[in-house]
Amino acid sequence: MFWRKKDKAATPAVEEVIVQEPEVIAQEVVAEEIVEVHEEPAIVEGIVVPEPTELVKVELPKRNLSKGFKAVFSRIKFDVENLDDLEDVLIQADFGVEAAEEIVAAVKVRAKKNGSKTEAELKAVLTGLLTEKMTRDDAALNLDSGAQPYVILVVGVNGAGKTTTIGKLSNYLVEGGAKVTLGAADTFRAAAVEQLETWATRSNSEIVKPTVEGQDPAAVAYEAVERAIANGSDVLIIDTAGRLQNKQGLMDELGKIRRVIEKQLPISEVLLVLDSTTGQNAMTQAKAFTEVAAVTGIALTKLDGSAKGGIVYAIQDQLNIPVKLVGVGEGIEDFGFFDAKEFAIGLVGER
Ligand SMILES: Nc1nc2c(ncn2[C@@H]2O[C@H](COP(=O)(O)OP(=O)(O)OP(=O)(O)O)[C@@H](O)[C@H]2O)c(=O)[nH]1
Ligand SMILES: [Mg+2]
């Protein structure tokens with residue numbers, strides 16, 4: 001769900017509605033729109049100031065994630081006497097050693113209290129516990145401030161899945177009725193721009209590309225912001241080149257991109273894309289990127305078939321950064337918004 005400013009032009013006079021009718025009928029309805037006036041106009045000494053901000057609530061379609069990734073606990077036998085195997089599996093699934101110990105201890109306490117003995121009961125205890133531990137109130141993408149276009153800056157190491165995630169997210173938002181512009185600030189390789197262009201076409205979004213090869217990525221980001229404002233976009237998503245977290249020069253470049261964007265608009269989200277198969281190195285990446293780019297959320301990719309879902313837990317637990325998006329394949333629909341309960345059910349493999 002997201003809130004966008006009500007577009008005056010989008011509420012045409014009745015005659016215009018009639019003219020547009022055939023097209024409207026042909027479209028599949030994917031979003032329900034409810035108009036809300038957020039604040040009453042304030043009347044100060046007889047003068048009405050300012051205009052109320054009318055926001056349109058856009059309900060986005062739900063995605064079911066739990067089928068998309070491998071359960072990590074399907075291979076062990078759940079038994080009250082033998083919960084130590086669980087600890088090993090948790091460690092293998094990248095929960096981290098300390099967290100694994102804590103979780104097993106908590107499962108034991110809760111199982112005893114509830115009298116849970118069977119495999120199904122123990123799995124339910126674990127699912128409940130993981131859901132509680134992973135639930136946060138800042139898991140949703142920040143698309144509700146009304147400061148439009150919402151700018152999402154996407155960062156991460158090489159090959160993490162940045163461009164693919166942008167394509168999926170863009171398509172999702174466009175399906176929900178949003179106008180999206182993509183900024184190709186990965187200017188190192190012509191192929192990177194082409195890849196984003198393909199996603200722009202697939203997702204019906206606009207793209208702002210470098211005018212010359214190797215153009216300063218900050219300049220492209222600046223132009224993308226200008227264009228997104230001018231074309232009335234709801235969301236601008238900026239792709240950046242992959243960079244290793246220990247390459248200082250490249251990391252500084254991210255700081256520059258940030259500053260340039262913020263000259264024109266606030267940044268709603270800095271999404272760090274992490275490949276879930278990277279293991280504990282993902283933690284190192286998250287720390288470094290947070291320092292230079294003030295990461296506000298994680299998009300965790302390649303959870304399909306990785307059995308490493310515990311990294312979600314570790315990142316939130318140790319770094320206190322919310323995991324917001326999850327990638328479960330290479331296809332345009334293979335992603336979802338992180339949902340703690342759905343995720344816990346997927347990991348444990350049973351309700
Ligand atoms: N299985 C799977 N593959 C993914 C997922 N996300 C991305 N990929 C694949 O990972 C590879 C790299 O993805 P990109 O989106 O190009 O990664 P990037 O971070 O933009 O890479 P650079 O721009 O080179 O730094 C591609 O082959 C994608 O199809 C995912 O959730 N699951
Ligand atoms: Mg890329």
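Two strands pair if DSSP finds at least two bridges between them. Helices (H or I, at least four residues) and strands (E, at least two) are DSSP runs, numbered from the N terminus. The model is predicted: local features need pLDDT of at least 70, side-chain atom pairs count only at pLDDT 80 or more, and totals for chains, interfaces and linings use all residues. Residues are numbered from 1 along each chain as its sequence is written, chains are lettered from A and ligands numbered from 1 in the order in which they are written, and side-chain values use heavy atoms, with hydrogens and water left out.

**View 1. Strand β12 and its two partners.** Strand β11 (residues 297-301) runs parallel to β12, and three bridges join them. On the β13 (residues 335-337) side, three bridges also join the strands, but here they run antiparallel. Leu-325 in β12 stands opposite Ala-299, and its bridge partner in β13 is Phe-337. Strand β12 (residues 323-327) is mostly covered, with five of its five residues buried (buried means under 20% relative accessible area, exposed over 50%, partly exposed in between; 1.4 Å probe, protein chains only).

**View 2. The shell around ligand 1.** The shell holds 20 residues, the closest being Lys-162, Thr-163, Thr-164, Asp-304 and Glu-330; a residue counts as near if one of its heavy atoms lies within 4 Å of the ligand. Helix α5 (residues 162-175) gives the most to this shell, with four residues. By class, the shell has three nonpolar, 10 polar and seven charged residues. Here Ala, Val, Leu, Ile, Met, Phe, Trp, Tyr, Cys and Pro count as nonpolar, Asp, Glu, Lys and Arg as charged, and the others, Gly among them, as polar.

**View 3. Atom pairs at ligand 1.** Each pair in this view is a polar contact, that is, a pair of N or O atoms within 3.5 Å. A polar backbone atom of Gly-159 is 3.0 Å from an oxygen atom of ligand 1. For Gly-329, a backbone N or O atom lies 3.2 Å from an oxygen atom of the ligand. Arg-189 takes part through a polar side-chain atom, 3.3 Å from an oxygen atom of ligand 1. The protein covers 79% of the 650 Å² of accessible area that ligand 1 has on its own (areas come from the Shrake-Rupley method with a 1.4 Å probe).

View 4. A salt bridge is a side-chain nitrogen of Lys or Arg within 4 Å of a carboxyl oxygen of Asp or Glu. By this rule the count comes to 13. In one of them, the closest N and O atoms of Arg-110 and Glu-132 are 2.9 Å apart. Arg-110 lies in helix α3 (residues 97-114) and Glu-132 in helix α4 (residues 119-134), so the pair ties together parts that are 22 residues apart in sequence. Arg-110 is partly exposed, at a relative accessible area of 25%.

View 5. Lys-179 forms a salt bridge with Glu-206, with 3.3 Å between the closest N and O atoms. This pair links distant parts of the chain, 27 residues apart: Lys-179 is in the loop between α5 and β7 (180-185), and Glu-206 is in strand β8 (residues 206-208). Asp-216 and Lys-256 meet in a salt bridge of 2.7 Å, N to O. Asp-216 sits in the loop between β8 and α7 (217-230), and Lys-256 in helix α8 (residues 248-262), 40 residues apart.

Note on methods. A polar contact is a pair of N or O atoms within 3.5 Å; within protein, one must be able to donate a hydrogen and the other to accept it, and residues adjacent in sequence count only if both atoms are side-chain atoms.
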